[in-house]
Amino acid sequence: MNEPLINLIDIYKIYRMGSTEVRANDGISLKIYPGEFVAIVGKSGSGKSTIMNIIGALDVPTEGQYILNGEDVSTLKGDELAEIRNKTIGFIFQQYNLLARQTLLENVELPLLYAGVSRRKRKELAMAALDRVGIKDKYKNFPNQLSGGQQQRGSIARALVGNPSLILADEPTGALDSKTSREVLDFLQQLNEEGNTIVLITHDHSIAEEANRVVSLKDGKVDFDGGVEEYRRNRT
Amino acid sequence: MNLFQTFKLAIKSIVGNKLRSFLTMLGMIIGVTSVITLIGLMNGVTNYVLSTFSDMGTNMLTVSVTNTDTRFVKVDDVYDFVKKYSNVFEGVSPSVVSNYTLKYGTNSMSTTVTGVGEDYADLNDFKLSSGRFIDYADIKNRYKGCVIGTYIVDELFDGIARVGDTIRINGEVYTVIGIKEEEADSEENSADDCVYIPYSSAVRMAGTAISSYSFAAVSDDKVDTCKTLLDNYLYNIMKDEDLYKISTMAELLEKVTEMTNMMGSILGGIAGISLLVAGIGIMNIMLVSVVERTKEIGIRKSLGAKRKDILLQFVIEAATISILGGTIGIILGWAATTNIGNAFGLDAYPTVNSILLAFGVSAGIGVGFGFMPANKAAKLNPIDALRTE
């Protein structure tokens, strides 16, 4: 394999709460290569949300270096981070996070809007993304007129539309029933087979086992990092 | 994200919250309407006052003299003085003003009777509908003839008066020699409520010397020259500035204009306060809106919205609300100004300046008062914003 897409080098994230110091990430190093499907798993308080924020360029580490796609992201400021998020990362959230007052099409167009893509091109790309997740016919609907599964597909379409290098999914099945969860996971696997790099954040071991590689966090440190087979063996 | 898309987003958000948007706008509407209406009406009043005064002649100077036993102004000397400076003076007329009872048959009324010279009608630019004005012979002979206005015709003659009719003024018999053309709808105390008699007759009837003269300058810009000449002339005779007084219509006009302008500024200022209150209302709503839409801001930021994108979104939303309110205010203000103006018989219309001012202030308030909440939104941390429900 060539250059890693994500290269986390000795990442620390330290919060100060009064006089006590909380080390949410306590020296995490991790390399993720293009085309991988990695699950980051951990209990609440393990530091998985913090590392997700850093990987997603929503936050920067207190110490350490984060190289994303060959660029050092760890020292960037607000607007530069926004640019990175816009161009490089596609987010899939637990609560879908579609804007309630916008139609499905407008929601999917949002990242392109902020990227400055022309109107016609936006519509073309957004419709293609909706077609890919199989809800093209719903493009005029508002989010509250769609089922949970459809909304999550909409948010996947929004993550895909800018053709990002990385898809970052934060508990994507957390609000779905088991049948729709299965569909979404199958779809993520399909996207991975098509060559997309996917990082899945979850607290659920069985969901984590859908990935090809599992990184388990505990107390802000990497507890386990290896293939899914090895992970499964370790647990039982 | 360009301006047009941001604007569309703002419209969407305003339409999505109709009642709230309307209530926010209401402050702006009331503020702008009152500014435009008050300034427009004040302007109408000023114009009305000015035109009334101009009708009375802006080239006129009035002199009042307090004659003493040893120092007094003689009528013939005044006429000679005016003839000497005929390059600046158009003419002069003494005026002897008294209140008398008028009688015609069984009708009687009380009004102002003015003793004047033969040039009075020309100096004041009024015309007669029948008969003739007082002439030089009438004055020399102390002829008891009078010229009456249409209000007198209506009140004393019950509407029909002819040249040659006789009336009693203060008990003395006068013949109507002319009737003045109607000027002001024959209202009481207007230019149509008048009786003119030769000043010589008036002096005799009142038993006093002539204490007042009306001078006319050849043009408005010669008024100051006339005033200086008169001042010198009168001082030479009276030797005391307190014994005579010269007032010009132009000075009076200036005072009145100054006063109405001041009134306009005060009223406009009071109305302006309501614009300020409207601005605070907009800021308040935008602050609430930012809190309400924290999650939306978080989502937008996570998808790549920059600070200026969010800032612009909220500033434009605030500006749109206030400009919309301002525009409605301008339309209402226009309607109110012309309608109220009509009701009072004023020729009132909103001035271009007041419209520009109102529009500028409403747009400025929108941007100014929208900026603080917008900046608050733009500075939100995406992680915290995403976490809120």
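A crossing of two helices is left-handed if the near helix is turned anticlockwise from the far one by less than a right angle, and right-handed if clockwise. The model is predicted, with residues numbered from 1 along each chain as its sequence is written, and chains lettered from A and ligands numbered from 1 in the order in which they are written. Local features need pLDDT of at least 70, side-chain atom pairs count only at pLDDT 80 or more, and totals for chains, interfaces and linings use all residues.

In chain B, helix H2 (residues 18-55) packs against helix H12 (residues 352-378). Helices (H or I, at least four residues) and strands (E, at least two) are DSSP runs, numbered from the N terminus. The angle is about 160° and the axes are 9 Å apart. Axes are lines fitted to C-alpha atoms, for helices over the stretch in contact, and angles run from 0 to 180 degrees between N-to-C directions. The crossing of H2(B) and H12(B) is right-handed.

Chain A holds an open sheet of four strands, in the order E2-E1-E4-E5, with antiparallel pairing. Two strands pair if DSSP finds at least two bridges between them. Strands E2 (20-32) and E5 (71-72) of chain A are the edges, each pairing on one side only. Ten bridges join E1 (residues 6-17) of chain A to E2(A) in the antiparallel sense. Ile6(A) has Ile32(A) as its bridge partner in E2(A).

An open sheet of six strands, also in chain A, has mixed pairing and the order E6-E7-E8-E3-E9-E10. Its twist averages 15° from one strand to the next. E3 (residues 37-41) and E9 (residues 213-218) of chain A pair in the parallel sense over four bridges. Val38(A) stands opposite Arg213(A) in E9(A).
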